[in-house]
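Hi,

Here is the structure I promised to pass on to you. Have a look at it first, and my notes follow below.

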Amino acid sequence: MPLLNAKVQDVFDEPACEKNRSKDSKARKNGCSKPLIPGAAAGGCAFDGAKIVLQPITDVAHLIHGPLGCEGNSWDNRGSASSGPTLWRTSFTTDLTETEVVMGHGERKLFKAIREIKEAHAPPAIFVYSTCVTALIGDDIEVVCKRAAEKFGLPVVPVNAPGFAGSKNLGNKLAGEALLDHVIGSVEPNDVTAYDINIIGEFNLSGEFWLVKPLLDRLGIRVRACIPGDARYLDIASAHRAKASMLVCSTALINLARKMEELWDIPFFEGSFYGITDTSEALRQIAKLLVMQGADPEILERTEALIAEEEAIAWMKLAAYRPRLEGKRVLLNTGGVKSWSVVHALMEVGIEIVGTSVKKSTPEDKERIKQLLKDENHLFESMAPRELYNMLADGKADIMLSGGRTQFIALKAKTPWLDINQERHHPYAGYDGMVELVRQIDLAIHNPIWMEVREPAPWECQHAVEEELTNTKSENETGYVLQNFVGAVAGSFCKR
């Protein structure tokens, strides 16, 4: 526990974070996130954050040391994709029972589980995750992992991020610390070139990094390690020999990028692959950093030629959608890097942003949004479900882009909705990804189902017609006959 406390305090003291540096020493120790509410931490604890960052390493066995529920609640909660190994999708847990907790059999069962995984799957490494229960009873996973590594001859990496340690974001950073302490730098590659880079904070959601990697391949740039999306253990272990890094999600792994720069002199920049302009700028920045690190300057010319070619193709494809989408209003209820990168991407095709959430955004993210929107009233920290519903029901937005948690608010308001978060099924990165994003927005907004669901229900029409007839009919046979035809008239009215 003292080791965990020391690591947490080290993560809170992040020199590369402007928000962190603006606090006094006392406030800095408290971190950036609001305290967790007991009973409401599911899906947002430090353990979950660590699992999100590390599970996309596809050839590693991920072993959860704790009760079954911890693995059951965190398995497969992201849309990361793999181009090869499938071991990362196999669930491993020690499944501690009450008796084993009381009798102190946790460490023994953990050692046995590591041995079983080694014999059955022979992975290049095993990651062992601490949970609330095993941390509270004092199981020392550091010692067990060290002993198992010596015994079985493979890396066994302890990930000390129990849920009670803090928020999901803290868990992201503790996972980065685990990689620094036990993985990165442990393997020396024999194929180092002047064009090797790392992509940090890219999770390959729905395989979207596969839309970007071919661009880098055409430039002769090799991705030494994509951390963590579609990663392999040996790639990450040799990531310290890259010449430059691109940081995609600073809120998750800025500590990893900053410490790799300090330890191995790997410069980094923060960028985005969402949108045409941002993708082009990211390619330029990568090329510039490589030249600064000794690469041939001719890569700058090749990069500009590639950008010109790809932008022309992308704009030609987007031209078909502009007349249908220009002036459409989008409410963006997400956070982090997407709060500004997607804003920029949509504005490029003439879509109006009526609001964007900045709940998970850094001060740098917020500043970018202010420069893009020119109106701070379009920024909101968080919006209550009732407010979201009222905004959509009043017709102030033509579509909402968000995660699955708020989709039913949009559907109840009879407003088109598109998943932009980790559960999505379409890749939106790079030039082709931007075209796909616009295509999905167009399909959602112009789906004929919305005309149907917005029509008054038949019983609502009948009630309106009945009221009209009641006010106009006389007490005679004609009125009685008209009354009998209310249903037919109402049905005809609704269809019109």
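This is a predicted model: local features need pLDDT of at least 70, side-chain atom pairs count only at pLDDT 80 or more; totals for chains, interfaces and linings use all residues.

Phe 164 sits in the loop between β4 (156–159) and α10. Its relative accessible area is 36%, so Phe 164 counts as partly exposed, a class that lies between the 20% and 50% cut-offs.

α10 covers residues 168–182, 15 residues in total, and spans 21 Å from its first C-alpha to its last, close to the 21 Å expected at 1.5 Å a residue. Since 11 of its 15 residues are buried, α10 is largely enclosed by the rest of the structure. The buried ones include Leu 170, Leu 174, Ala 178 and Leu 179, and also Lys 173 and Glu 177.

Now for the strands. β3 (residues 126–130) is mostly covered, with five of its five residues buried. Ile 126, Val 128 and Ser 130 point one way from β3, while Phe 127 and Tyr 129 point the other way.

Strand β1 (residues 61–65) runs parallel to β3 and is joined to it by five bridges, with Ala 61 bridged to Ile 126. β4 pairs with β3 in the parallel sense too, over four bridges, and here Phe 127 has Val 157 as its bridge partner.

Best wishes

Notes. Residues are numbered from 1 along each chain as its sequence is written. Side-chain values use heavy atoms; hydrogens and water are left out. Helices (H or I, at least four residues) and strands (E, at least two) are DSSP runs, numbered from the N terminus. The expected span of a helix is 1.5 Å times one less than its number of residues. Buried means under 20% relative accessible area, exposed over 50%, partly exposed in between (1.4 Å probe, protein chains only). Two strands pair if DSSP finds at least two bridges between them.
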